[in-house]
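Let's walk through this fold together, from its sheet and helices to its rings and charges. Have the viewer open as you read.

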Amino acid sequence: MSMPIPIHYIFKPKKVQLTDGNLVLDTPVPTSYLSAVDYQTGHEFETMRYMAVTCDADMVPEGRYKLRTHNLKRSVEIAICLTVNEESPQAFCLTLHSLIKNIKQMCFSGSKSRAHKNPVWGEEDSWQKVVICIVADGRRHLNPAILKVLAAMGCWQEGVAKNQVNGKAVQAHIFEYSTQVSVNSKLQLKGRTLKNGNKHHYPPIQIVFCLKERHTKKLNSHRWFFNALCPLLKPRITLLTTAGTKIGNGSLFHLWNAFDKNPHTAGACGEIRVAKGFLWWKTLNPIIAAQIFEYKVSSVLEKPFESIFGYISVMPGALVAYRYEALLPEPISGKGPLTAYFEPDYLVFSDDHREVGEVLQYSYFAEDQILPFLVTTRRNAQYTMQYVRSAWAETELPAGVGTFLGMKRKWQNRRFFGLIYAVSHVAAIWRSGHNFLRKLWLTLEIIYLGCDTAFWFLALGNYYLVFYYMAQTLVHASKITIGETAFMLTRYVYICLIVVVMMISMGNRPRGQSLYLFILSFIFFAFIQAYILFAAGYLTFLHATEFLPYANWQSFSTVVTVFKAAGYHVLILALVCCWAVYLVSAILYGEPWHMITCFVQFLLLLPSYVSVLGVYAFCNMHEVNWGIKEPEDHEKDPLISRDAIYHASTVLMPDEHYVSSAYQDAIDNLDRKKRPKSSTSSSSSTLLPVHLGPSSSSSLSPNNTNPSSAPKANEVNDKSKVVRRDDVKTMQSDYYRSFRTKILLLWIVVNGALVIAISSDQLAPYLVLNDGSNLYVTIVVWIITVGATGRFLGSVIYLLGWIWKFLRR
């Protein structure tokens, strides 16, 4: 945790000149750090720079703030945004260390990366073209151990940050330093040149650490990156990732290369892999195994299929890159993709709230759904999205039912409403700058995705009908006495469990008693899936034993005729084709292991994706805070930087002895043997220095004003704003709940009507085929098979294109 300030170290008042009205401090880094790295001379290596930002993120470019890259006149190729919330230091170091290793592969002359064949990265000082921007979400919510890690890297110093500048509250603290060391996920320091040190040498890594004062979630962190830092950096490519993600070796260059090779590429993403553990031991957990299979199907079938069209509906937030030029607002209208992307954040933090009905079209589409569509359909542009298979990132997945439900709720709702947005705005494709064939190609993709969304909307009713007819047919075919009773009992339990899941999902988090009901639902629906699979296999066995004795195995046509005469041949053929699509695609991409280790678990949990996760997602779609949070009151810490003069300010600065001691404490904190026991119990509230004695306090201001006794002139106005914000928040919450209720009722009515109509006695005789199978069930299975086959063909085309590029290279 954050280190308490020793009593015997005094923070000395220091008069500093403001830079264009902003507080900018250059503090020397510890000499013990400099003596252990390669680059020891130069202002950017000898000093860490601190800048206090007293305005909103959107006002930073107009506030005359400047970063070191601007002062040094450097051209930035890649700006990386690493968002940090409340992750552990191990998760933070896992991501940061993997990024540093990627930069080393591109920029370090000693590496054997293909990047050195490119003139951009072949230069000796190519490290100057990459900047890592760490955006921490809230000073008091950040894990203090992460500050220790940054201090060990020279990117943070205790006691330098200030909370006010000339009476203005600081909104964000920006630290800049070009570090030459790294800390891996085991909290081991890498890169120092000591007698007994390691041989890991890193080029200088430009790091911009933006520590927000308020805890405003991920979307606001992205706004600080795109609207505050990127206008100062002016990068060519921006990359987004989150703490806890391990970026694969060479992935950074492969993503950059996709933009460099194709000027029309505006967005690119890589493959998201799952941490499986030693010898894939994590697949023993069926929830993790099902997610592994889901991720592999996405990377083998879905992403390549959408990439050949030029629009990817879901860009993973853990590894996604955008061309910064494509995100900028249009010169005339002043609006661009980022305007709609940050609309929910504006609505939460703006005092001028609009009517709640106006925010609906934005609030559901935040983050990684609406932005790719807006970029692809931008006017007078020919931008496309691309899937880069050679780039990958590894992440941890939820292993418990509660966290699994929460994660899938957000993902399913985002995808559902994102696709609705794309379908409803399909006309925007024809207003873009694409040629006619590309517009037609993109329109066909949107139609396909629209049909897929409609089919998913009816998944609850469709799965019940599959169970109903397969179980009913098994009862009639097996002629078991208790079969009819067991079928009726199972059907009623099925319906009752759907109602129970719906009731416990309405505004309840999967904890306590409700969690056990969710787990029971998962087990029951796994049993239902096993029952359906048994029914399909048993019915196939019955008809095979009936017709196979008449087959002439010397003639293939006779075998085909007998197969057609057998019952359920259409249904069996569809199931075999669907399974073959997954298997063949996995083999073609050289990744068949998930079919062996995870397919059964995914198959058993498949009905829970529909009947539990789907119900939970629709019942909680009113929670529209995708990465946003209501603003908090500003931290009421003592005034540290206060002066009536605009051009100068008096601040408290730690002396050199304290800086060296704090750095050594950070190094010892990484070493578990030297880590003090009290380091886990101290509070992070000591991030800002406090006044030590009356003499220090009186020297801050010529008028010796006591901030606690200052009159509160705007107290009434502030209270009225708070009340008004609370009223608007209540109105918006009521509106979202009402909208949730309408969509939920529509979903229930449509699926219920489908079940009643298809399973009615009046319609049942017309749905029986000559082979005894049900027409509707066969249609549902064939729709799934045709959709999988279409994705398979697109995946093959993508793979052929990738092989062709590889051979040309």
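This is a predicted model: local features need pLDDT of at least 70, side-chain atom pairs count only at pLDDT 80 or more; totals for chains, interfaces and linings use all residues.

## A helix across the sheet

Inside the order, strand 4 pairs with strand 12 (residues 237-242) in the parallel sense, over six bridges. If you want a residue to start from, take Ile 80, whose bridge partner in strand 12 is Leu 239. As a reminder, strands of a sheet pair through backbone hydrogen bonds, either parallel or antiparallel.

## A mostly covered helix

How many of the 11 residues of helix 7 are buried? Eight of them are, and helix 7 (residues 251-261) is thus described as mostly covered. The buried residues of helix 7 are Ser 251, Leu 252, Phe 253, Leu 255, Trp 256, Asn 257, Ala 258 and Phe 259.

## Rings that meet

A search of the whole structure turns up 47 aromatic pairs. One of them joins Tyr 33 and Tyr 177 in an edge-to-face arrangement, with 5.8 Å centre to centre and 65 degrees between the planes. This pair links distant parts of the chain: Tyr 33 is in helix 1 (residues 31-34), Tyr 177 is in strand 8 (residues 172-179), and the two are 144 residues apart. Are these two residues buried or exposed? Both Tyr 33 and Tyr 177 are buried.

Elsewhere, one aromatic cluster is formed by Tyr 464, Phe 467, Tyr 468, Tyr 469, Phe 487, Tyr 494, Phe 524, Phe 525, Phe 527 and Tyr 531.

Lysines meet rings as well. Lys 104 lies over the face of Tyr 202, at 5.0 Å from the ring centre. The charged end of Lys 276 sits over the ring of Trp 280, and the distance to the ring centre is 5.1 Å.

Side chains of opposite charge can pair when their charged atoms come close. The count for this model comes to 17 salt bridges, and a few of them are worth a look in the viewer.

Start with Lys 66 and Asp 20, whose closest N and O atoms are 3.5 Å apart. Lys 66 lies in the loop between strand 3 (47-53) and helix 3, while Asp 20 lies in the loop between strand 1 and strand 2, so this pair links parts of the chain that are 46 residues apart. Lys 66 counts as partly exposed because its relative accessible area is 30%, and Asp 20 is also partly exposed, at 34%.Next comes Arg 68 with Asp 26, where the closest N and O atoms are 3.8 Å apart. Arg 68 counts as buried because its relative accessibility is 10%, whereas Asp 26, at 37%, counts as partly exposed.

Glu 44 and Arg 74 form another salt bridge, and their closest N and O atoms are 2.4 Å apart. Glu 44 lies in helix 2 (residues 43-46) and Arg 74 in the loop between helix 3 and strand 4, so parts 30 residues apart in sequence are tied together. Both Glu 44 and Arg 74 are buried. Salt bridges that share partners also join Glu 271, Arg 273, Lys 296 and Glu 591 into one network.

## Two positive phi angles

Which backbone angle of Asp 20 has a positive value? The angle is phi, near 55 degrees, in a residue other than glycine. Asp 20 lies in the loop between strand 1 (12-17) and strand 2 (23-28), and Asp 20 is the salt-bridge partner of Lys 66 described above.

Lys 73, not a glycine either, has a positive phi of about 55 degrees. Lys 73 is found in the loop between helix 3 (68-71) and strand 4 (78-84). With a relative accessible area of 77%, Lys 73 is exposed.

Notes:
Residues are numbered from 1 along each chain as its sequence is written. Side-chain values use heavy atoms; hydrogens and water are left out. Buried means under 20% relative accessible area, exposed over 50%, partly exposed in between (1.4 Å probe, protein chains only). Helices (H or I, at least four residues) and strands (E, at least two) are DSSP runs, numbered from the N terminus. Two strands pair if DSSP finds at least two bridges between them. Rings of Phe, Tyr and Trp (its six-membered ring) pair if their centres lie within 6.5 Å; planes under 30 degrees apart count as stacked, over 60 as edge-to-face and the rest as tilted. A charge sits over a ring if NZ of Lys or CZ of Arg is within 6 Å of the ring centre and within 35 degrees of the ring normal. A salt bridge is a side-chain nitrogen of Lys or Arg within 4 Å of a carboxyl oxygen of Asp or Glu.
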